[in-house]
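Hello,

Here is the structure for you to look through. My notes on what was found follow below.

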Amino acid sequence: MSIDHAPETATAAASGSNATQRFTSDKQFAASTSPERVSTLARQVLSAVHDTIREHGVTYDEYNALKAWLINVGQDGEWPLFLDVWVEHVIEEVASESREGSKGTIEGPYYVPAAPELGHDAVLPTREGEQGTPLLFQGRVTDTSGQGLGGAVIEIWHADSDGFYSQFAPGIPEWNLRGTVTSDADGHFRIRTMRPAPYQIPTDGACGKLISAAGWHPWRPAHLHLKVAASGHQQITTQLYFPGDAHNDDDVADAVKPELILDPRDVDGGQEVTYDFVLDSTTSAQKA
Ligand code: MBD
Ligand code: FE
C-alpha cells in the first residue's frame, strides 16, 4: 500500500470540488417537471423533515448544527458525493423497475465521459509499476434474445489499489484506469486492468463528518464501474463487485446487488473473469 504515487494529500475538498465541477459542466438538465409535480415532491420532502423534527423534538442547537453542516457540504464540493451515496440507489431502483436485461446500479460521482478509445481487446491505462492484482475482465454484450451486439460501447472506470480515482485525487495521470472499449462483431470484449481496492468516503469532509457523528462506516466494497451502450438499446450503468469483500453486505451507498458480484478465478499472474451484459431494446417498456 505504501507506494510512491500514493496521493497522501487527497482531500475531501479537492476531490469534492472536482466532482462538483464535472457535474455542473457535463450534465444537461431537461427539467420538464410540471409546477404541480414540483410542488407535490417539494411538499412531501419538506413534510418528512417537519415530521422528523416533531417526532424527535429537534432543538435549535441541532437545527443550527444542521445549517452549518449543509453549508459545509457545498463548501467541500460534496453534494455529488452525498447525493450519489445516500439517494441515487433509490432513483436507480425506480428507473430500472421494468428492465428485463442485466441489472444496473448507481453511477456515483466519478464518471468522466470520453475516456480514450481502446478497441475490443483493451488494456486500460496504468502507471508504470501500477500496484494490485492484474485482472482480465471479458464478456459479451447481447440483446435480450442472446444475439451478440457488435460495436457496443463499454465505458469502464475504477479506483486504483489505494481506492483513488484519476481526476479526483492528485498525482494520478488523467485517464488512469479509465477507458472506452468497443465490442467486436459478435459482441465480445476483453479488458486488462488491475483490481481496485475498496473505496472510503473521505473522512475530512462534510460527508465524513456525518458518518462519524452517526457512528456509521465510510466504506464501499471494491468495484468496477461500467456504462454499456448499443444503438437501438437502453444503456446500462452498472458496477461489478468481488466475492468475499467485507462490505458487499453493508455498502455505505447501498448499491450492491447479488447479480453484480463477479466470480473471478486465479490464473497465472492474476485473475480472470467473464461477465455478459444483456441490453433491453429502446422500444421495450421504459419508464419516463
Ligand atoms: C464511489 O466510488 C462510488 O462509486 C459511489 C457510488 C459513491 C462514492 C464513491
Ligand atoms: Fe466508485
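To what number of aromatic pairs does the count come by the rule used here? The count comes to 14 aromatic pairs, where rings of Phe, Tyr and Trp (its six-membered ring) pair if their centres lie within 6.5 Å.

This is a predicted model, in which local features need pLDDT of at least 70, side-chain atom pairs count only at pLDDT 80 or more, and totals for chains, interfaces and linings use all residues. Residues are numbered from 1 along each chain as its sequence is written, chains are lettered from A and ligands numbered from 1 in the order in which they are written, and side-chain values use heavy atoms, with hydrogens and water left out.

One of the aromatic pairs is Trp 79 with Phe 82, with 5.5 Å centre to centre and 85° between the planes. That makes the pair edge-to-face (planes over 60 degrees apart; under 30 count as stacked and the rest as tilted). Both residues lie in helix α4, three residues apart, about one turn of the helix (helices are DSSP runs of H or I, at least four residues; strands are runs of E, at least two).

Now the ligand. α4 (79-86) and β8 (223-229) each supply at least two residues of the shell around ligand 1. Among the surrounding residues are Leu 81, Val 85, His 223 and His 225 (a heavy atom within 4 Å).

- Tyr 165, at 2.9 Å
- Arg 220, at 2.8 Å
- His 223, at 3.1 Å

Taken alone, ligand 1 exposes 260 Å², and the protein buries 100% of that (Shrake-Rupley method, 1.4 Å probe).

Regards

Note on methods:
Polar contact = N/O pair within 3.5 Å; in protein donor to acceptor, adjacent residues only side chain to side chain.
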